[in-house]
Amino acid sequence: MLSKKTKYGIKALTCIAKQEKGTMLQIAAIAERENISHKFLESILLTLRKSGVLGAKKGKGGGYYLVKAAEEVKMTDVIRTLEGPIAMVPCVSLNFYEKCDDCPDENACAVHKLMIQVRDNTLKVLRNTTLADLV
């Protein structure tokens, strides 16, 4: 399941992306519009800023803004930044692979085969979806 952190992060990004280019949005405005806890949103936006998706300016007239064009922000990057691995089990993860303790042979494992299909189809959707598509 998608965590609230990731769900709220996507909602906040779409809220920011809807703004006129060059316009900054304050946390309070995003929190109110999207019905997200101010404190929780602050943590999410900080993570997105550290990853290079968002920029921030302090002071009067400051707020958060997109560093890249919405067309360049792929959902794979957002999900991995906020959620971690996209794969449902570590033995099929492309970026966070780990062998399962309970599986002697991945090639013979029915769960492994199924999860590769799930991962590949999920990646197809996320790679082909940008922030602009959600706006």
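Let's start with a packing: the buried residues of helix α5 pack against α4, residues 75-82. Buried means under 20% relative accessible area, exposed means over 50%, and partly exposed is in between, with a 1.4 Å probe and protein chains only. Contact means heavy atoms within 4.5 Å.

Some ground rules. This is a predicted model, where local features need pLDDT of at least 70, side-chain atom pairs count only at pLDDT 80 or more, and totals for chains, interfaces and linings use all residues. Residues are numbered from 1 along each chain as its sequence is written, and side-chain values use heavy atoms, leaving out hydrogens and water.

Now the overall layout. The protein chain has six helices and two strands. Helices (H or I, at least four residues) and strands (E, at least two) are DSSP runs, numbered from the N terminus. Along the sequence the pattern is α-α-α-β-β-α-α-α. The C-alpha trace spans about 60 × 25 × 20 Å along its principal axes. Of the 135 residues, 39% count as buried. Take the contacts with a separation of 6 or more: residues 24 or more positions apart account for 58% of them.

Back to α5. This helix covers residues 110-127, 18 residues in total. From first C-alpha to last, α5 reaches 26 Å, close to the 26 Å expected at 1.5 Å a residue. That expected span is 1.5 Å times one less than the number of residues. Which residues of α5 are buried? They are His112, Met115, Arg119, Leu123 and Leu126. Seen down the axis of α5, these fall within an arc of 70°, so they line one face of the helix. The arc is that of the directions from the helix axis to the C-beta atoms. On the other side of α5, Ala110, Lys124 and Val125 are exposed.

Next, the partner, α4. Its buried residues are Met75, Thr76, Val78, Ile79 and Leu82. Here the arc is 165° seen down the axis of α4, so the buried residues line one face of that helix. What covers them includes α1 (4-17), α3 (38-50), α5 and α6 (131-134).

Then comes Gly84. This glycine follows α4 and has a positive phi, near 100°. Gly84 sits in the loop between α4 and α5. Is Gly84 buried or exposed? Its relative accessibility is 14%, so Gly84 counts as buried. Leaving aside neighbours within four places in sequence, Gly84 is in contact with Ile79 and Phe96.

The structure holds one cavity of 30 Å³ or more. A cavity is a set of points, on a 1 Å grid over the protein atoms alone, where a 1.4 Å probe fits but cannot get out; lining residues have an atom within 4 Å of a point. About 50 Å³ of space lies in the largest cavity. Grid points are joined across faces, edges and corners, and the volume is the space filled by probe spheres set on the points. Among the lining residues are Arg80, Phe96, Arg119 and Leu123. By class, the lining has six nonpolar, two polar and two charged residues. Ala, Val, Leu, Ile, Met, Phe, Trp, Tyr, Cys and Pro count as nonpolar, Asp, Glu, Lys and Arg as charged, and the others, including Gly, as polar.

Last stop, Lys58. This lysine is in the loop between β1 (54-57) and β2 (63-66). At 81% relative accessibility, Lys58 counts as exposed.

How values were computed:
On a 1 Å grid over the protein atoms alone, a cavity is a set of points where a 1.4 Å probe fits but cannot get out, and a pocket is an open set with protein on both sides within 12 Å along at least five of seven lines; lining residues have an atom within 4 Å of a point.
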